[in-house]
Amino acid sequence: MPLDRFWALIEGTPAENPDVQAAALKTRLAALSPADLRAYELTFIGLANALTTDEHLGAAEVIMGAVSDDVFVSFRTWVVYRGRAVYEGFLREPDSLAAVGPSDDEQIGRAETLEFLPEQLGAEIGEDGPSLYGVDLAPPKIDHSYASLAQRYPRLAAVYLPIPLPVGDVFSNGPRPISRRA
């Protein structure tokens with residue numbers, strides 16, 4: 001699916017609440033042919049997987065601490081469904097999400113309703129098709145210590161990291177609730 005058409009389907013849906021957005025988007029997607037719905041799903045997967053880098057994972061870790069594969073999929077889904085400007089900004093510069101990032105865990109958790117929407121409407125990718133899961137991170141590997149993450153993502157750190165910084169890295173501290181400072 002051409003990117004302009006994909007983004008046109010998403011733009012104007014209420015991105016603040018993934019459940020409400022899913023309901024609005026479901027109406028738009030239901031009008032697509034099966035081939036177009038499949039193309040939409042493939043475009044979504046491609047966009048979300050373009051965010052599967054250590055740089056983007058590091059940004060997610062600043063926001064949420066240690067991030068499982070499932071949570072990283074929901075996070076990437078949330079970014080895509082925030083719209084083209086947020087997505088393209090985050091793709092180019094992960095620290096840009098500081099201005100528009102999530103305010104609580106529920107936003108990321110509920111993004112799952114958007115992730116599976118095309119499948120619920122009958123999009124069939126097939127077992128051999130692309131997937132949001134099990135995608136290997138692209139090099140270079142980054143230091144996942146809180147000190148390094150704060151240095152690498154200063155704007156995100158100013159909004160999301162606890163003060164004082166946790167000792168160690170995200171793996172030794174585990175996940176933490178999203179807490180956005182004003």
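Q: Is Ser-103 buried, exposed or partly exposed?
A: Ser-103 is partly exposed, at a relative accessible area of 39%. Buried means under 20% relative accessible area, exposed over 50%, and partly exposed in between (1.4 Å probe, protein chains only).

Q: What kind of model is this?
A: This is a predicted model, where local features need pLDDT of at least 70, side-chain atom pairs count only at pLDDT 80 or more, and totals for chains, interfaces and linings use all residues. Residues are numbered from 1 along each chain as its sequence is written, and side-chain values use heavy atoms, with hydrogens and water left out.

Q: Back to Ser-103: which residues does it touch, not counting those up to four places away in sequence?
A: Ser-103 touches Ile-178 and Arg-180, where contact means heavy atoms within 4.5 Å.

Q: Now helices. At what angle do α4 and α5 pack?
A: Helix α4 (residues 54-64) and helix α5 (residues 69-81) pack at about 100°, with axes 11 Å apart. Helices are DSSP runs (H or I, at least four residues), numbered from the N terminus. Axes are lines fitted to C-alpha atoms over the stretch in contact, and angles run from 0 to 180 degrees between N-to-C directions.

Q: What does that make them to each other, α4 and α5?
A: Roughly perpendicular, α4 to α5, a label for angles of 65 to 115 degrees.

Q: Which residues of α5 make the contact?
A: Val-71, Phe-72 and Phe-75 of α5.

Q: And which residues of α2 are buried?
A: In α2, Pro-18, Gln-21, Ala-22, Leu-25 and Leu-29 are buried. They pack against several helices, including α1 (3-10) and α3 (34-49).

Methods:
Helices (H or I, at least four residues) and strands (E, at least two) are DSSP runs, numbered from the N terminus. Angles under 35 degrees count as roughly parallel, over 145 as roughly antiparallel, 65 to 115 as roughly perpendicular and the rest as oblique.
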